Every structure is written in C-alpha cells, then in structure tokens.
Amino acid sequence: VDIPAGRRAIAVDGKTLRGSRTAGTGADHVMAACDQGTGVVLASTAVDGKTNEITRFAPLLDQISDLRGSVVTADAMHCQRDHVTYLADRGAHWILTVKGNQPYLHKQLAGLPWKAVPDATRDDDRGHGRREIRTLKILTVSAGIDFPHAAQAMQIRRRRRRLDEPKRFTTETVYAITDLHVHQAKPAQLAAWIRGHWAIENKIHWVRDVTYDEDRSQIRTGTGQQVMAALRNAAIGTLRLAGVTNIAAANRYHARDSARPLALLGII
C-alpha cells in the first residue's frame, strides 16, 4: 500500500498471543501502534484479562511523544468519544471504522444518501487468485452526525471474487468517520490510510505468525510472551527500516553470520 506523504499515519491494532493460553488461563493479548508507511511498531502494551483494548488506547499512544498532525486509524472497537477527545488534545487526527458497537451512529451513517454520491476513488486489484474492487464515497457531515469532531463520513465498499469463479462476487460495505476536513485530505489519501490500516495485518501480524511462528510459542512465564512479541516487533522494524521486503529471507541471510545483525544495528 502506498501511504500518502505529508502526514504520518499510525494504525492501532490488537493481537491475541494464542500460544500463551493454558488450561487455567486465557491467551495474552497485546496492542500496538504501527507506522503505516514504514511498518515499524512505535509502541506496544499488554491488555490483561482485567481490562480491554479500549482502556489501553490512551496509555499506548502516550508512549509516542508527538502525535501532532498525525492520522490515527483504528477499528470499530475504538470508535469512542473519549478516544477522539484524547486525540484532539494531542493534536492528532483520526479515521475510525463504525460498526454495530455504535448502533445509533452506524444507523445514521447507513442512512445517508449514498446512492446520490459518486465514487470518490475506485481501485481494481488482482492477486492471490482473486479480484477485488474497492470504492470510496465521502460526504461532509459537519452537522447531523452524533459524534464529536466528525467532519466527513465514508462508505467503503469491497467486491471480491475468485478468478476461477467470475460470476460469484461477495460484497462488503463498511462505514467510517474522520475529523479531517475536505481541504485537509484528498479522497485518495483517505483511501490509502484506510487500506494502510488493514495492511498492518500483513506487515506485522502475518509476519509474526508465519515467519516467527508466534502462535505456537510456548513461553508463558510472567510477561515472557509480551517481551517476545516486543522483540519480534523490533526485529521486523529494524529490517523494514533497512529496506527489507522479505522478512523470512532476511532472517536466513542474517542467521548465517553473527556479525550481520550487529552490522545492521550499527554496532560494528
């Protein structure tokens, strides 16, 4: 995903460490803030069984010293009034998905006159044996939407089909809101930030699961799982900043010579 220049976009997302589950305890959960452009995790925090991601949102972003002008993207769980107040106080902007946990707001957005609105962007991608068509519609909602600081509403529609089944499309419609005004972000920028948020699954979570086999890790003592998750994030971030696109191949390359990781870190 090409992330627009001019603003830093930070995706907030959580992940369950499945291998940490025991017979008597649930699996640990961690939440991270990731730079969409570089794929580098900027901050992370544990989400223990006594709380949830919502209460850890501000403590997570408190670890980032300067959010001014940044765009924070998050899923529907974080579509919370307290969150946008916090981000406004930090000088940050936001794009939040709206789903069933905000039923009145979701109903308001779904009831907007989308049929009369032309597509602001349209992307047609083919890959991994499927075709996906994504369209974005945008409406200014400075009044009439019951959510603080909301300036624009978005309808994201994704139509997918397998290339070997040309007549079988699945369609998903998602709504989102942002405090960014028309003059602050072009439609293509909004679309890229929305896609960039979903791409974190591939840039971070997929790599940790598939390349580092995180879900099968049996480390369960104390905060061991969270520490290992942080180390995996650091390794991925270091390789990304070095221009690496294939993390698995880079791991094999650096494993062949103990001096290579040290050189990558600038230690030698």
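Select Trp-94 to begin: with a relative accessible area of 1%, Trp-94 is buried. Buried means under 20% relative accessible area, exposed means over 50%, and partly exposed lies in between (1.4 Å probe, protein chains only). This is a predicted model, in which local features need pLDDT of at least 70, side-chain atom pairs count only at pLDDT 80 or more, and totals for chains, interfaces and linings use all residues. Residues are numbered from 1 along each chain as its sequence is written, and side-chain values use heavy atoms, with hydrogens and water left out.

A search of the whole structure finds three aromatic pairs. Rings of Phe, Tyr and Trp (its six-membered ring) pair if their centres lie within 6.5 Å; planes under 30 degrees apart count as stacked, over 60 as edge-to-face and the rest as tilted. First, look at Phe-57 and Tyr-86: the ring centres are 6.4 Å apart and the planes stand at 75 degrees, so this pair is edge-to-face. Phe-57 sits in helix H1 (residues 53-61) and Tyr-86 in helix H2 (residues 81-89), so the pair links distant parts of the chain, 29 residues apart. Helices (H or I, at least four residues) and strands (E, at least two) are DSSP runs, numbered from the N terminus. Phe-57 is buried at 1% relative accessible area, and Tyr-86 is buried at 15%.

Now return to Trp-94 and Phe-147. Their ring centres are 5.9 Å apart with planes at 75 degrees, so this pair is edge-to-face. Trp-94 lies in strand S5 (residues 93-98), and Phe-147 in the loop between strand S7 (130-140) and strand S8 (152-162), so the pair ties together parts 53 residues apart in sequence.

**The cores**

Stay on Phe-147 and show its contacts (heavy atoms within 4.5 Å). Leaving out residues up to four places away in sequence, Phe-147 touches Cys-79, Gln-80, Arg-81, Val-84, Trp-94, Leu-96, Leu-105 and Ile-177. Next, select Val-12, Leu-61, Leu-109, Phe-147 and Ile-177: of the 34 residues in the largest nonpolar core, these touch the most other members. A nonpolar core is a set of buried Ala, Val, Leu, Ile, Met, Phe, Trp, Tyr and Cys residues joined through side-chain atoms within 4.5 Å. A second, separate core has 15 residues, including Met-154, Ala-176, Leu-180 and Ala-191.

**Gln-155**

Go to strand S8 and pick Gln-155. Is Gln-155 buried or exposed? Gln-155 counts as buried, at 6% relative accessibility. Among the residues that Gln-155 touches are Trp-114, Thr-135, Lys-137 and Tyr-175, not counting those up to four places away in sequence.

**Ala-230**

Move to helix H5 (residues 224-241) and select Ala-230. Ala-230 is partly exposed, with a relative accessible area of 33%.

**Leu-262**

Find Leu-262 in helix H7 (residues 259-264). Leu-262 is partly exposed, at 35% relative accessible area.

**Zoom out**

Of its 268 residues, 44% count as buried. Among contacts with a separation of 6 or more, residues 24 or more positions apart account for 57%.
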